[in-house]
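Please consider the following points on the model shown below.

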Amino acid sequence: MLEVWREACRHIEIADSAAIISHMLAQRLPMAHLVVRSFSREQGVIETVAIGSPVGVTSAHASERVQLTGGNIRKLAVWCTTGEAVHRAGNEPLPPYLQPAIPASLTRDLLIGPLVSEHQTLGILIVESRPSQRFSADQRHLFGQLLEPFASALENDSRLRELKALREAAEADKRRLLVRLGREDLDESIVGAERGLRPVMDRVQLVSRSDVPILLLGETGSGKEVVARAVHLRSKRAGKPFIRVNCGAIPPELIDSELFGHEKGSFTGATATRRGWFERANDGTLFLDEIGELPLAAQVRLLRIAQEGTFERVGGEASVRADVRIIAATHRDLAGMVQNGSFREDLWYRLAVFPIVIPPLREHREDIAQLAEHFARRAALRFGLPPALPTATDLTMLAAYDWPGNVRELAAVIDRAAILGNGERLEIAKALGLSTTADRPAPTPASRDHPGPRTLIPSLDDAIRSHIERALEITAGRIEGNNGAAAMLRINPHTLRSKMRKLGVVWRSFRQ
């Protein structure tokens, strides 16, 4: 029995256990077949999950499946709870509730026993004798000892099948969501990886297998998060969490709590212990977007965990260890921020172990056609429209545009064009804010030399930056006070400083 228990617990699938145990029992029982059947009281179904013989032949998860009637379900469940085995000698009739549960192919002496766990009824175990042989009292006693190990093996097998069903359901949900998002797979190839972004992907492939920190540099909307996910999916941490944190969206007073967590009662409103983003990303990857927005105090604590891998929760005393790969990203000039003192030099050296520069879309225009087609297919799926792909004229207009918002702006333009075209075509000209050919006035010499909508007006960020710089020139770099730039622009000084950080405006350069 010790060997039976070992085999029952060694294998996850009961078919493997039944094959080996059947071969072992052949020396003690005149056994021709051993059959394990699972029983679902909720569904009223009993089915064969394993068949064993003295030579160890099995048929795992056989398709034999019987739907029971309501009365037989109740009576079979009651019999299972008693735990009493049944011996059918020869052609003796079985109780009516057991007859549907026994395969018709088993016609000789049978030993039938319930398989019951601590929590539920699992199924039945059936052993058929060899031709012209009968089971003795000792053999019936041995059969009774087999019920508990086989119940344990069937419970493991049932849990495995339940996990498989849950995984299949999760995969189906994932596929459905990806279709709605217009993505074929989470590990889909990056559009442009073989052309304009080839140097970027070469560096991604080179660094993915190591655990060194990575610094992604690029303009807003250039695809920094997509590249960060590509690094994660190609690393040994691919099956672990990938967590994105926008450092610029966290209020300064909550940065420590968000990144490192807090203990219960550490401040007003801390009603429970909370794990921070570093703990949640343990063994995985933490993507710190807009790292340049972190205040200096938070940079000091980030430096410690980047160097030592430990930190303390807010209000806590014990050190917490987290094995996290850090991928930082910014659209700002961190090297310039290090020079003017707004970013720590030691943290810069720690994060910029392997920098990757992501070019703006205007520097790899050869990818625009492929990106436009990709976003057009995605838009059709998301909005339930017939697929409409960009024409040659559309691609010419897209290639002539300067794309200050990079790939993110291109995706928004294609979505807008798909909605305006209502599935019949892509209204690229309208989506870009251009008039149609019939309504467009004759181009002036200046517009012939400098095509594209950006020649008409500056971008919104450029206009805001110029306006702030003009106010700082008048106030000699003064921000607060009655004669400061904030009062002149009629905005809160903190809001003005936030916009200056975002736009890269340095007030010191305006001081006389």
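1. A nonpolar core is here a set of buried Ala, Val, Leu, Ile, Met, Phe, Trp, Tyr and Cys residues joined through side-chain atoms within 4.5 Å. Buried means under 20% relative accessible area, exposed over 50%, and partly exposed in between, with a 1.4 Å probe and protein chains only. The model is predicted: local features need pLDDT of at least 70 and side-chain atom pairs count only at pLDDT 80 or more, whereas totals for chains, interfaces and linings use all residues. Residues are numbered from 1 along each chain as its sequence is written, and side-chain values use heavy atoms, with hydrogens and water left out.

2. The largest nonpolar core comprises 33 residues, and those with the most contacts inside it are Phe278, Leu286, Leu288, Ile291, Leu302 and Phe343. At least two residues of this core come from each of strand S8 (242-246), helix H7 (255-260), strand S11 (285-289), helix H9 (296-308), strand S14 (325-330), helix H10 (334-340) and helix H11 (345-351). H9 provides the largest share, five residues. Helices (H or I, at least four residues) and strands (E, at least two) are DSSP runs, numbered from the N terminus. In soluble globular proteins, nonpolar side chains tend to be buried together.

3. Which residues does Ile291 touch, leaving aside its neighbours within four places in sequence? Ile291 is in contact with Leu215, Cys247, Leu302, Ala328, Ala329, Thr330, Leu334, Phe343 and Leu351, where contact means heavy atoms within 4.5 Å.

4. The cavity search returns one cavity of 30 Å³ or more, and the largest cavity holds about 50 Å³ of space. A cavity is a set of points on a 1 Å grid over the protein atoms alone where a 1.4 Å probe fits but cannot get out; lining residues have an atom within 4 Å of a point. Grid points are joined across faces, edges and corners, and the volume is the space filled by probe spheres set on the points.

5. The lining of the largest cavity includes Ala376, Ala379, Ala380, Leu385, Pro386 and Arg425. Its residues divide into eight nonpolar, one polar and one charged; Ala, Val, Leu, Ile, Met, Phe, Trp, Tyr, Cys and Pro count as nonpolar, Asp, Glu, Lys and Arg as charged, and the others, Gly among them, as polar. Helix H12 (residues 368-383) supplies the largest share, three residues.

6. The end C-alpha atoms of H12 are 22 Å apart, which agrees with the 22 Å that its 16 residues should span at 1.5 Å a residue. The expected span is 1.5 Å times one less than the number of residues. Among the buried residues of H12 are Phe375, Ala376, Arg378, Ala379 and Ala380. Just after H12, Gly384 has a positive phi of about 65 degrees.

7. Asn406, with a positive phi near 60 degrees, is found in helix H14 (residues 406-421) and counts as buried because its relative accessibility is 0%. Arg490 also has a positive phi, of about 60 degrees; Arg490 lies in the loop between helix H18 (485-489) and helix H19 (493-503) and is exposed, with a relative accessible area of 76%. Most residues other than glycine have a negative phi.

Technical notes
1 Å grid on protein atoms, 1.4 Å probe; cavity = no way out; pocket = protein on both sides within 12 Å on 5 of 7 lines; lining within 4 Å.
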